[in-house]
Amino acid sequence: MGMIATVIGGVPVYTYGLLLLAAILVGTAAAWVNTRLHGESFAPVVDMLLWGIPLAAVCGHAGYVLSHFSEYSGDLLGVICLWQGGVSFYGSIFGGLLAVFGVCRVHGLDTWYWLDLLVPAFVLMIAAYEFGMFNLQQTLGMPLPLDVPNDHAIMEYVEYDYRPDGFKDNLYFQPIALYQSGMQFAVFVLMVLLTAVQALIHRPRQAGCLFLLGASLIAFVRCACGFFYLSSSPQSLIPLGRALSGGLGIVLLAWFLLRCRRSHTSFS
């Protein structure tokens, strides 16, 4: 494993960039399948991708800068240097949603309807991304005791160079990214089943319910797993990222219940 996968014409190709490309391709394929099954044109999705990728990059970097502004206080030029890295998950998601909203507004499409169409692809893309992060050893869980291998537990062996300072003697860590990938994939399966239910019996009739439910579950998964990140501060009961995930999940779930109630529908 290395941060640079290969070099083409003297230009380094970063492994993380390949991971993002793979996740986008997986999500795009899922979106293509769902739009075909619903008899919709794939053209709006192409427009969303063309706008969404740069918006996700800009908003993701902006979110990272805001949450790590002390790192840029002495180097303001680094704020606009997207190629130097630094991406916020929530900022990137916000940029992608901006693209969906903008394309729907320009083409006169129902935004809630298209969010429902895209939510399975959206969740699958996140699951693929988390699985890639597990392989890149970029999301570390708390260290495990040295005798864990004798317990046949699920664990993540981390190469010496990728162990953070203070944990060089720890061979094994909790595979949080793998757990997240598995749970997000379970959310994807649920979204596929509910999409089929909606197509067959038209429940719920209120557009946007599937998206709000899927997005709330994604937030809750990240909130739950976040407590086991190695980067979690032991002095803080609920770190900012976990509080944001949990709060967002609660808001989205409440919004989902309100939309279902307004249309007098349920999944039962």
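A pocket is here an open set of points on a 1 Å grid over the protein atoms alone, where a 1.4 Å probe fits, with protein on both sides within 12 Å along at least five of seven lines; its lining residues have an atom within 4 Å of a point. The model is predicted, so local features need pLDDT of at least 70 and side-chain atom pairs pLDDT 80 or more, whereas totals for chains, interfaces and linings use all residues. Residues are numbered from 1 along each chain as its sequence is written, and side-chain values use heavy atoms, with hydrogens and water left out.

**View A. The second largest pocket and its lining.** The volume of this pocket is about 460 Å³, taken as the space filled by probe spheres set on the grid points, which are joined across faces, edges and corners. The lining comprises 20 residues, and Ile93, Leu97, Phe211, Ala215 and Leu252 lie nearest the centre. At least two lining residues come from each of the helices H3 (89-107), H4 (111-136), H6 (209-226) and H7 (240-262); helices are DSSP runs of H or I with at least four residues, numbered from the N terminus. H3 provides the largest share, 7 residues. The lining has 19 nonpolar residues, 1 polar residue and no charged residues (nonpolar: Ala, Val, Leu, Ile, Met, Phe, Trp, Tyr, Cys and Pro; charged: Asp, Glu, Lys and Arg; polar: the others, Gly among them).

**View B. Helix H1, residues 15-37.** Buried residues of H1 include Thr15, Leu19, Ala23, Gly27 and Asn34, where buried means under 20% relative accessible area (1.4 Å probe, protein chains only). Just after H1, glycine 39 adopts a positive phi of about 70 degrees.

**View C. Isoleucine 126 in helix H4.** Isoleucine 126 is buried, its relative accessible area being 4%. Beyond residues up to four places away in sequence, isoleucine 126 touches Phe89, Gln184 and Ile218 (contact: heavy atoms within 4.5 Å). Its C-alpha atom is separated by 9.1 Å from that of isoleucine 24, 102 residues apart along the chain.

**View D. The salt bridge between glutamate 130 and arginine 222.** The N to O distance is 2.9 Å; the criterion is a side-chain nitrogen of Lys or Arg within 4 Å of a carboxyl oxygen of Asp or Glu. Because glutamate 130 lies in H4 and arginine 222 in H6, the pair ties together parts 92 residues apart in sequence. Both glutamate 130 and arginine 222 are buried. The structure holds 1 salt bridge.

Conventions:
Expected span 1.5 Å × (residues − 1). Buried < 20%, exposed > 50% of the residue type's maximum accessible area, 1.4 Å probe, protein only.
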